[in-house]
Amino acid sequence: MLVKLMRLTEHPILNFQEKRGRKITIYFEGQPIEAYEGETIVMALHAAGIRVLGYSVHKHRPRGLFCAIGKCASCLMTVNGIPNVRTCITLVEDGMKIERQKDKPKLPPTVKPPKFKEAKKVSGDIVIIGGGPAGLMAAINAADAGAKVILLDENPMLGGQLVKQTHKFFGKREQFAGVRGVKIAEILEEEVRKRENIEIFLETSAIMLLQDGDEKLVVGVRKNKELIEFRGKAVIVATGAMEKMIPFEGNDLPGVYGAGAIQTLMNTYGVKPGDRVLIVGAGNVGLILAYQLIQAGVDVKAIVEAMPKIGGYFVHAAKIRRLGVPILTRHTILRAEGKEKVERAVVAQIDEKWRSIPGTEKVFDVDVIALAVGLRPSIELLHQVGCQIKYVPELGGHVVIRDSRMETTIKGIFVAGDSAGIEEATTAMLEGKIAGIAAALEIGTASSEWFKEIEKAQKELDEFRAGPFGRKVLEGIKKVVVE
Amino acid sequence: MSEIPHYLREGFITVEELKQVIELPSEERLRKRPVAIPECPQEIPCTPCKEICPTNAVLMENPNAIPIVDYEKCIGCSLCVQICPGLAFFMIHYVGDKARVTMPHELLPVPKVGEEVILLNRVGEEVGRGKVITVVPREKSKGDTPIITVEMPIELAWDVRAVKVVRK
């Protein structure tokens, strides 16, 4: 059996020994691999040192993990004969057979996709898509305001990106400041699970959002096979964000990972992403990632940042500088080199016009390149149902027009969290609260007393955004909020 | 580019820069009892230090303001060092020709009382050796972060902000 020492046994913050499920065996191209129940396929493969998950259809270039949260197509593999399975959000099962894909795969003739008329039907008052900080807070508040809530998430666990945040949150203590993201996820999940009027569907992807008369219809697919029709009077889209990619030679090599994917590997599943890492981007995500890598015992060679200054919080930068990690501002990555996977990264200084300066190249011997170059809102469902969209760079890209209570241009469809504009988990929770209450008010389950709670959350948002870090977001919000 | 402060270009703050942001405690105060020093020069929305302080020694006009410590009110209890999400609070106490620096330590291994550790400055350079004199483990910390107090030569008090634990 192929076993490589990529699994973390000790960690200053997390306890994986306690968390790991029963040991089972899966088969990668016929070869047995050790896996633990409760982890996704790609985590088990990575722990066994398998980074090449498939090959591109036309040029047969190797493909590896990129987002690790089901948002991209980098980890598609054939599982038990079914092609194009997102192995990053599909849990392992004993005896599972996993194969790489090379050419365009076909569905075996013995397998039939489910038919619409056979779909199971589930109805409630409010359907919430996404169980991250925004969706969880929306669910808790909508439920308390009297609504019957249906909560979907395509990942096998609730919490969204909170489940991999080992750092303590900022803000005020009533907003969970000083509490680690992983702990906040536990607290919110417990709150959601104890409410009887919240029904949870995990491993369930929302693939379509439609209006059907006065009702909203969300088409879901559970565990890659079961079709479910969710109906409600209102829908809250809290689908989060997707990691951005930047162009450079070799950026598709396995080992070029989104920062979030690395956090999923090491903080959610306890698998080391590699041994030596170069991080691109000194915003909060890149800085926090560097610190988390050091905590997991991984060597961080440097962070490169194209801007002349550190974009994230200074205190996050200071934490890694005192542990010896250099931050090279005004530097960019030129290329990733390696055969089948990352072996080196070449970086260079850039001038005022963003051109690399010849002679300033530096080579880092790394096996992982982490991209922390920003996020873009996941608005696909909102776009598809017909919400008005606008390009707002301050909020990370295309976002929906909305009002101050998070309702989009379509009555009864709300948005919250990063899918409304890239910000952070604290503000996502507040926006989720507002959207949850506003939706309950609109469908008539909440009393007018609840307006006060919306006002309170709005005040907290204003306060949070009042500093220099909130300025950009406020500029963006001005462009999308209508009354 | 001159408007960008050095600390935001480099990711660390020098003592000279820190003095432009906050007034440092007097030598007399540093000898009296441990005193909290925030190395938090940037306005960010964060208030746990102010909220946890039992003597209201952390002053902050609004949630985005930088924390200012009233050194006379500070009793050196270390709660701010334990809670600070940015790991930006430290405590310093001068005792004879030594300084005792209290700092967060969220790495493994957590050193033991009496253990000799390598002292790191704000850019991770090894600048000497010190002895751990107290440890508040994670389970006893009010902020889920272990903190350690390390005794070192007094001239290193304003440079050392982390330690490396080396065990054979």
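Predicted model: local features only at pLDDT ≥ 70, side-chain atom pairs only at ≥ 80, totals over all residues.
**View 1. Helix 3 of chain A packs against helix 9 of chain A.** Two packed helices are described by the angle between their axes and the distance between the axes. Here helix 3, which spans residues 133-144 of chain A, and helix 9, which spans residues 425-443 of chain A, lie at an angle of about 35°, and their axes are 7 Å apart. The crossing in which helix 3 of chain A passes helix 9 of chain A is right-handed. On the side of helix 3 of chain A, the residues that meet helix 9 of chain A include Pro133(A), Leu136(A), Met137(A) and Asn141(A), while helix 9 of chain A contributes, among them, Met429(A), Glu431(A), Lys433(A) and Ile437(A). By class, the residues of this contact divide into 14 nonpolar, four polar and two charged.

View 2. Strand 22, made of residues 344-349 of chain A, is joined to strand 23 of chain A by three bridges, and the two run antiparallel. Within this part of the view, Val347(A) stands opposite Lys362(A), a residue of strand 23 of chain A.

**View 3. Chain A is in contact with chain B.** In this interface, 37 residues of chain A are in contact with 38 residues of chain B. The elements of chain A that give two or more residues to the side touching chain B are helix 6 (284-295), helix 7 (314-321), strand 20 (327-329) and helix 10 (450-464). Helix 7 of chain A supplies the largest share of that side, namely seven residues. Taken by class, the side of chain A that touches chain B has 19 nonpolar, eight polar and ten charged residues.

**View 4. Chain B holds five helices and nine strands.** Read from the N terminus on, the elements of chain B run α-α-α-β-α-β-β-α-β-β-β-β-β-β. The radius of gyration of chain B is 15 Å, close to the 15 Å that the globule rule gives for 168 residues, so chain B is as compact as a globular protein of that length. Along the principal axes, the C-alpha atoms of chain B fill a box of roughly 45 × 40 × 30 Å. Buried residues make up 43% of the 168 residues in chain B. Among contacts in chain B between residues at least 6 apart in sequence, 59% join residues that are at least 24 apart.

Note on methods: Residues numbered from 1 in each chain as written. Chains lettered and ligands numbered in written order. Axes fitted to C-alpha atoms, helices over the stretch in contact; angles between N-to-C directions. Helix = DSSP H or I, 4+ residues; strand = E, 2+ residues; numbered from the N terminus. Left-handed = near helix turned anticlockwise from the far one by under 90°. Contact = placed C-beta atoms within 7 Å. Nonpolar A, V, L, I, M, F, W, Y, C, P; charged D, E, K, R; others polar. Pairing = 2+ DSSP bridges. Rg over C-alpha atoms; globule rule 2.2 N^0.38 Å. Buried ≥ 20, exposed ≤ 12 C-beta atoms within 10 Å, placed from the backbone.
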